[in-house]
Amino acid sequence: MSNADVVVYVGCGERGNEMTDVLVEFPELTDPKTGGPLMHRTVLIANTSNMPVAAREASIYVGVTIAEYFRDQGFSVALMADSTSRWAEALREISSRLEEMPAEEGYPPYLAARLAAFYERSGKVITLGGEEGAVTIVGAVSPPGGDMSEPVTQSTLRIVGAFWRLDASLAFRRHFPAINWNGSYSLFTPALDPWYRENVAEDYPELRDTISELLQREAGLQEIVQLVGPDALQDAERLIIEVGRIIREDFLQQNAYHEVDAYCSMRKPTAS
C-alpha cells in the first residue's frame, strides 16, 4: 500500500477481466493507513484493450491531470500508469493513420518527447495556499518478449531516475513483489541518503549497501551450485547463501493482503 494521500491507477490497454477484478476487489479491502475502505483514496481510470486507441492515448493524460488536481490541494499523489507500452502502441497507431513519418519499429519520432513530457509532470510543488503537494509517477513498461532494447523501454530508461525490474522467475516461485533486486536501481540514492540517516536510521545506507552486496554474491554462488553442487562451496560461501535466503524469504518477500506486510513505516524494517 502506498504512503500517498491519493492513489491514481490508470489501466491503459488492460484486459477487461483484469480491470473488473480490480473494481470488484478494491472496495472490499481495508486501507491499513486510514482504517477505511481502500477505495476512499483511490481513483481508477479503466481503459480496456477493446476501447478505441484515441481513448487509450487520452487515458494517461486524464490520470496525470487528476493527480495534479489533488496535488494542487496539498495532497501527496501516487500515479500508476499500466502500461505506457500500450499507450505508446496507441500513439504509434494514431501516427500511422495520420501518415506521419515512422521511426524505429514504427513508433513516431516524437515518442521520447511525449514520454518526457508525461514524466516531467511529476514532482513537488508549493501550492498557492502555501501547502506542499507532490505527484509521484510510476510507469509500467511491458516490452514484447521481454526485449529491453525496444524503443519504449530505452526512451523510458533515459528519462526516469529509478527502475524496478520485474522478474517472471520470481513470480513463478510465488515471490512477491517480483522485483529483481540485482537488476533494479535508483539514481537518487546519493541525494536521499542524508534524509534516510536523519529520518529512518543513522546506518540505513550502510545496511542497504551490505544487503545489496550479499544478494549479488549469493546470486553468483547459486549459479555455481547449479553447476557443480553445494559440496564444492566453502563454509563461508554456504553461509552467504543461507543469509541471502533469509533476506529473500523473510524480508523481501511480502504479502500485500496481509495486515503486517501490507503497510508499515520505514523505521520498522531497520528496527527488526
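**Questions about a predicted model**

Visitor: What is the relative accessible area of Glu-105?
Guide: Buried means under 20% relative accessible area, exposed means over 50%, and partly exposed lies in between, with a 1.4 Å probe and protein chains only. Glu-105 is partly exposed, and its relative accessible area is 45%.

Visitor: Which pLDDT do local features need here?
Guide: Residues are numbered from 1 along each chain as its sequence is written, and side-chain values use heavy atoms, with hydrogens and water left out. This is a predicted model in which side-chain atom pairs count only at pLDDT 80 or more and totals for chains, interfaces and linings use all residues, while local features need a pLDDT of at least 70.

Visitor: How many helices and strands does the protein chain have?
Guide: Helices (H or I, at least four residues) and strands (E, at least two) are DSSP runs, numbered from the N terminus. For the protein chain they come to 10 helices and seven strands.

Visitor: Which residue of E3 stands opposite Gly-11?
Guide: Two strands pair if DSSP finds at least two bridges between them. Strand E1 (residues 6–14) and E3 run parallel and are joined by six bridges. In this pairing, the residue opposite Gly-11 is Asp-82.

Visitor: And which residue of strand E5 stands opposite Ala-78?
Guide: E3 also runs parallel to E5 (residues 132–140), with seven bridges joining the two. Opposite Ala-78 you will find Thr-136.

Visitor: What is omega for the peptide bond between Asp-82 and Ser-83?
Guide: Ser-83 sits in the loop between E3 and H3. The bond joining Asp-82 and Ser-83 is cis, with omega at about 5 degrees.

Visitor: What arc do the buried residues of helix H4 cover?
Guide: In H4 (residues 111–119) the buried residues are Leu-111, Leu-115, Phe-118 and Tyr-119. They are on the same side of H4, because the arc they cover around the axis is only 90 degrees. That arc is taken from the directions from the helix axis to the C-beta atoms.

Visitor: Which residues are in contact with Phe-251, leaving aside its neighbours within four places in sequence?
Guide: Phe-251 has its place in helix H9 (residues 235–252), and at 39% relative accessible area it is partly exposed. Contact means heavy atoms within 4.5 Å. With those neighbours left aside, Phe-251 is in contact with Ile-246 and Pro-269.

Visitor: How much space lies in the second largest pocket?
Guide: On a 1 Å grid over the protein atoms alone, a pocket is an open set of points where a 1.4 Å probe fits, with protein on both sides within 12 Å along at least five of seven lines; lining residues have an atom within 4 Å of a point. Grid points are joined across faces, edges and corners, and a volume is the space filled by probe spheres set on the points. For the second largest pocket, the space is about 170 Å³.

Visitor: Which element gives the most to the lining of that second largest pocket?
Guide: Helix H6 (168–172), strand E7 (179–186) and helix H8 (204–228) each supply at least two lining residues. Among the residues of the lining are Asp-167, Trp-181 and Arg-248. With four residues, the element that gives the most is H8.
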